[in-house]
Amino acid sequence: PFVGDWDGIAFTTRFSTTGDNIAYSDGYMMIRIPAGSLTIGAGHYLAISFTNTTSADQDMETDGSSYLVTPVDDPGFPVPEMAAGILLGLGLAGLATYLLIKRNKVKAKL
């Protein structure tokens, strides 16, 4: 099988499977795709293409379900960079200092 994307019109192969990344268990086929080796474009669908290389008809059945498992160490959300956190903290500290000084000047005039 080939793994790729479907844009609603055409299938584009993005990853060629081999015996190393296909496993069969309890009647299910599992395809493992190494991290970073497959990107599906926005608005496209993840798709699998099978080719029948025998002279007999082959049936493919599905219960309509599928799922994607992310790596265990993937947090599932983007983690901000350290520099962005430091800049945000400094900006908030500067804003708090400005507001404190402005409030003290208003009190001094009264």
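Asp5 is found in strand S1; strands here (E, at least two residues) and helices (H or I, at least four) are DSSP runs, numbered from the N terminus. Before I go on, two remarks on the source. This is a predicted model, in which local features need pLDDT of at least 70 and side-chain atom pairs count only at pLDDT 80 or more, while totals for chains, interfaces and linings use all residues. Residues are numbered from 1 along each chain as its sequence is written, and side-chain values use heavy atoms, with hydrogens and water left out.

Back to Asp5. Is Asp5 buried or exposed? Asp5 is buried, because its relative accessible area is 2%, and buried means under 20%, exposed over 50%, partly exposed in between (1.4 Å probe, protein chains only). Its side chain makes a polar contact with the side chain of His44, at 3.3 Å. A polar contact is a pair of N or O atoms within 3.5 Å; within protein, one must be able to donate a hydrogen and the other to accept it, and residues adjacent in sequence count only if both atoms are side-chain atoms.

Val3 also has its place in strand S1. Val3 is buried, with a relative accessible area of 2%. Its C-alpha atom is separated by 7.4 Å from that of Leu46, which lies 43 residues apart along the chain. Gly4 stands opposite Ala47 in S5.

Now the sheet. Strand S1 covers residues 2–6, and five bridges join S1 to S5, the two running antiparallel; two strands pair if DSSP finds at least two bridges between them. Which order do the three strands of the open sheet take? The order is S2-S1-S5, with antiparallel pairing. Strand S2 (11–16) and strand S5 (45–49) are the edge strands, each pairing on one side only. On average, neighbouring strands of this sheet are turned by 35 degrees against each other, direction ignored; the axes are lines fitted to C-alpha atoms, and angles run from 0 to 180 degrees between N-to-C directions.

As for the whole protein, there are one helix and five strands. From the N terminus on, the elements run β-β-β-β-β-α. Of its 110 residues, 7% count as buried.

Last, the helix. Tyr98 has its place in helix H1, residues 82–109. Together with Leu88, Leu92, Leu95 and Leu99, Tyr98 forms a nonpolar patch on the surface, with about 540 Å² of accessible area together.

Conventions. Patches are made of residues with over 30% relative accessible area and no salt bridge: like charges are joined within 9 Å, nonpolar side chains (Val, Leu, Ile, Met, Phe, Trp, Tyr) within 5 Å. Accessible areas come from the Shrake-Rupley method with a 1.4 Å probe; for residues, only the protein chains shown count as cover. A salt bridge is a side-chain nitrogen of Lys or Arg within 4 Å of a carboxyl oxygen of Asp or Glu.
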